[in-house]
Amino acid sequence: MAYETIIVEIEDHIALVKLNRPDAMNALNEQVFKELADFLTSAQTNDKVRCIVITGTEKFFAAGADIKMMSELSFVDAFTGDIFSEETAQIMRVRKPIIAAVAGYALGGGCELAMLCDFIIAGDNAKFGQPEVNLGIMAGIGGTQRLTQAVGKAKAMDMNLTGRFMDAEEAERAGLVSRVVPCKKLMEEAMGAAAKIAEKSMITVMAIKESVNKSFEVSLSEGLMYERRVFNSLFATEDQKEGMAAFLEKREPQFRDR
């Protein structure tokens with residue numbers, strides 16, 4: 001499929017996905033989400049892809065959802081159309097790791113898209129926000145739910161109710177992003193992290209992603225039991241034997257995803 005709103009580059013088992021609506025500050029419309037969901041779904045079964053990085057430009061990751069697209073919607077339109085719902089569900093079903101490399105503004109839907117990824121690496125100029133309240137609406141792709149899970153009730157309430165932005169330093173302190181790096185080194189850092197992940201056993205990587213995500217859905221005791229069962233199951237893989245043998249033999253493991 002030829003894409004218009006994203007640019008995709010695949011090299012060394014890493015898929016780099018660049019949001020590509022520069023004239024609209026990468027505002028997210030239905031086409032962007034459909035193209036993202038289509039590519040990420042295809043990447044799941046593409047042996048050439050072991051990790052995915054999503055990014056924008058140095059000035060904006062994504063400035064929000066496309067207000068022009070949404071301004072004329074009625075309740076019936078929004079409710080029956082359920083905009084972005086199916087596409088975000090498709091993105092959440094992707095089992096391979098997804099890193100958001102965020103520079104500049106990640107607002108509204110842009111912040112929510114970053115939170116759909118498995119973790120966020122931020123440039124030191126990044127700003128995150130859920131300013132939908134200024135438009136008479138509220139977040140609708142996870143801005144009241146995933147943000148609260150990431151930073152806690154107080155900061156989520158503050159950001160959603162006042163519309164204020166959180167800079168990169170505060171976002172790291174609050175737990176929204178995994179690390180902050182100089183903007184000029186953002187892609188180097190993100191691609192380096194992706195390269196490390198791509199070297200690992202894909203079976204193990206997907207098991208880890210699934211287990212961490214499970215912690216948000218079940219009680220601690222259920223989560224611990226799930227983790228233990230997945231941990232035990234990995235001893236049935238060739239990659240576990242190779243990984244431990246390589247450690248004992250003081251060499252680099254050669255994982256085969258088996």
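The following dialogue concerns a predicted model and the terms used to describe it.

Tutor: In this predicted model, local features need pLDDT of at least 70 and side-chain atom pairs count only at pLDDT 80 or more, whereas totals for chains, interfaces and linings use all residues. Residues are numbered from 1 along each chain as its sequence is written, and side-chain values use heavy atoms, without hydrogens and water.

Student: Why is Glu87 called buried?

Tutor: Buried means under 20% relative accessible area, exposed over 50%, and partly exposed in between (1.4 Å probe, protein chains only). Glu87 has a relative accessible area of 10%, so Glu87 is buried. This residue lies in helix 4 (residues 85-92); helices are DSSP runs of H or I with at least four residues, and strands are runs of E with at least two, numbered from the N terminus.

Student: Which residues are in contact with Glu87, leaving aside its neighbours within four places in sequence?

Tutor: They are Phe33, Lys34 and Ala37, where contact means heavy atoms within 4.5 Å.

Student: What makes strand 1 (6-11) and strand 10 (179-181) stand at the edges?

Tutor: Two strands pair if DSSP finds at least two bridges between them. The open sheet has 6 strands in the order 1-2-3-5-7-10, with mixed pairing. Strand 1 and strand 10 each have a single partner strand, so one side of each lacks a neighbour in the sheet.
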